[in-house]
Structure formats: structure tokens, C-alpha cells
Amino acid sequence: MIVLKTAKELKLMRAAGRISQRALRLAGEAVEPGVTTKEIDAIVRKYIEGQGAAPSFLGYGGFPASACISVNNVVIHGIPSEKRVLKQGDIVSIDVGAYFNGFHGDNAWTFPCGDISEDAQRLLKTTEEALFEGIKAAKSGARIGDIGNAVQQYVELRSYSVVRDFVGHGVGAKLHEDPKVPNYGAPGKGALLRPGMAIAIEPMVNMGSHNVRVLKDKWTTVTADGKLSAHFEHTLAITPDGPVILTLPD
Ligand code: MG
């Protein structure tokens, strides 16, 4: 069931989105060689809790940390660890949500650790741009399939692949609501986009094949071929005047 939000509720979601964005930015600023992913997680938790909010992911389905931190071939759901020391050339996907005043914000970004290869730079740029192609397609009156199609076309034209096994989602009082928002699809298909909907669009783009597998810890999701993967995400509201990104700074 798709829950539509009132203008007042979207305002509250904007506040949660702002905290999520700031936490993500602080995490990104901490990415450098020698830092552990556990240290970055601590920065995220401290900031979110300092705002009187709660990290959306902490304890979600048993997830043991406040941020998902996924390095290189890890696609999503990487568990922060003191053993994971970042090094020059890594790409670091950080996914952060904050729960504030009854609503969640959810966003993700892939940060370079020091200088990264040109191939990796191109992957990050393409994934970020694919996110904004998806956002552009999220107009009232369009359909979920229009978003997925926009992302998929953009990515596949550049010879990368979009992950199929994990998708974007509605966001609201729950972190994951209907509808599912795949990064692939056919134009004109799927649920109608209506004012009051809030969704997270989150392309996960692989340099090689789209296949992924989940490790024994039941969280860490890696590319099946061991190649790099990037992840960018915003939460946005569908409005009569077009999509409005909720996870932006002021
Ligand atoms: Mg999400």
C-alpha cells in the first residue's frame, strides 16, 4: 500500500532528510587512507543522535551499525568494522538514514578515498548522473517504470549494469514502504506517481555483470565477478511542480 504524505508530513520528512544529508556529508569528509569504516560509523551515529534523531539503520532487521559502508566490490550493506582500514584508491559507498519526528530520510553516496583510477571515477560519475536521470523522470503522472528505464538506459549506454536484486523504495514513517523502485524497467509500466508520494531512488551500478551475492554474515552484498560497484541515493517527494529532493542541505 502506497502511503501519501500531506504537505505538513513532507515538511517533517524534509527535516529528517536534512539530518540524513548532513550525516552523510560528515561521513564523506572522513573518508581518507588509514581511517576505519567503524570510525566513520561512529561519526554518523554521533551526529544523528546529537540532533535528537535516531540512525534509521541501527538495529533495522538486526543491522549492527548506523551506516552501511561498502568498499570497492561491496555493493551495499557493508558492516562497518575496525578491521576495514581504507586505503588510497578505494571507492567507499556510504548509506545513511535518520529518523526524526516520526519520519525517515535515506541517502547514499560513493566517495573516492584519495586518488582513484580513471575507471573508478567514470563509474562514480555515471552512477551519480544516473540517479539524477531517475529523479528527472519522477514526475507526477509518470510511472515507476519510467524512473527505472531512465536509470537503466543511462547506465547501459555506458556499458555498465544495474543491480536487479536490490531496489529503491517508498519512504515515510517506515524506512521501506511501497512502492518498490527498481533501477530497471519499461516506460509507462508500474505504479502511477502521484503528489504526496515520497520515494528513495538509489541506483547501484556495477562495472561488470549485474549479478551480486550476499556473504555469510547475511548483509554484505558483493559483485559476483569481484568488480567495482557504486551507489547513490536521494529521498524525494513527488509534487505537482516536479520532484523535490528531501535529502539536500539548506
Ligand atoms: Mg534506501
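**Figure 1. Buried residues of helix H3 in the predicted model.** In this predicted model, helix H3 contributes a series of buried residues: Ala 120, Leu 123, Leu 124, Thr 126, Thr 127, Ala 130, Leu 131, Gly 134 and Ile 135. Helix H3 comprises residues 118-136.

Figure 2. Helix H3 lies across both E10 and E13. Relative to E13, the helix runs at about 35°. Among the residues of H3 that are buried are Leu 123, Leu 124 and Leu 131.

**Figure 3. The three-stranded sheet containing E6, E10 and E13.** These strands form an open sheet in the order E6-E10-E13, and their pairing is antiparallel. Strand E10 spans residues 204-206 and is joined to E13 by three bridges. Within this antiparallel pair, Met 204 stands opposite His 231 of E13.

**Figure 4. The magnesium site.** Four protein residues are shown as donors to the magnesium ion: Asp 106 through OD, His 169 through NE2, Glu 202 through OE and Glu 233 through OE. The donors lie 2.1 to 2.3 Å from the ion. Along the sequence, the donor residues follow the spacing D-x62-H-x32-E-x30-E. His 169 belongs to strand E7 (residues 168-170), whereas Glu 233 lies in the loop between E13 and strand E14 (234-239); the pair therefore ties together parts that are 64 residues apart in sequence. His 169 and Glu 233 are both buried.

**Figure 5. The chain as the setting for the close-up views.** The chain contains four helices and 15 strands. Its radius of gyration is 17 Å, close to the 18 Å given by the globule rule for 250 residues, so the chain is as compact as a globular protein of that length. Taken along the principal axes, the C-alpha atoms fill a box of roughly 45 × 45 × 35 Å. Of the 250 residues, 53% count as buried. Among contacts between residues at least 6 apart in sequence, 70% join residues at least 24 apart.

Methods
Residues numbered from 1 in each chain as written. Predicted model: local features only at pLDDT ≥ 70, side-chain atom pairs only at ≥ 80, totals over all residues. Heavy atoms only, no water. Pairing = 2+ DSSP bridges. Helix = DSSP H or I, 4+ residues; strand = E, 2+ residues; numbered from the N terminus. Contact = heavy atoms within 4.5 Å. Axes fitted to C-alpha atoms, helices over the stretch in contact; angles between N-to-C directions. Buried < 20%, exposed > 50% of the residue type's maximum accessible area, 1.4 Å probe, protein only. Donors = N, O, S within 2.8 Å, 3.2 Å for Na, K, Ca; no water. Rg over C-alpha atoms; globule rule 2.2 N^0.38 Å.
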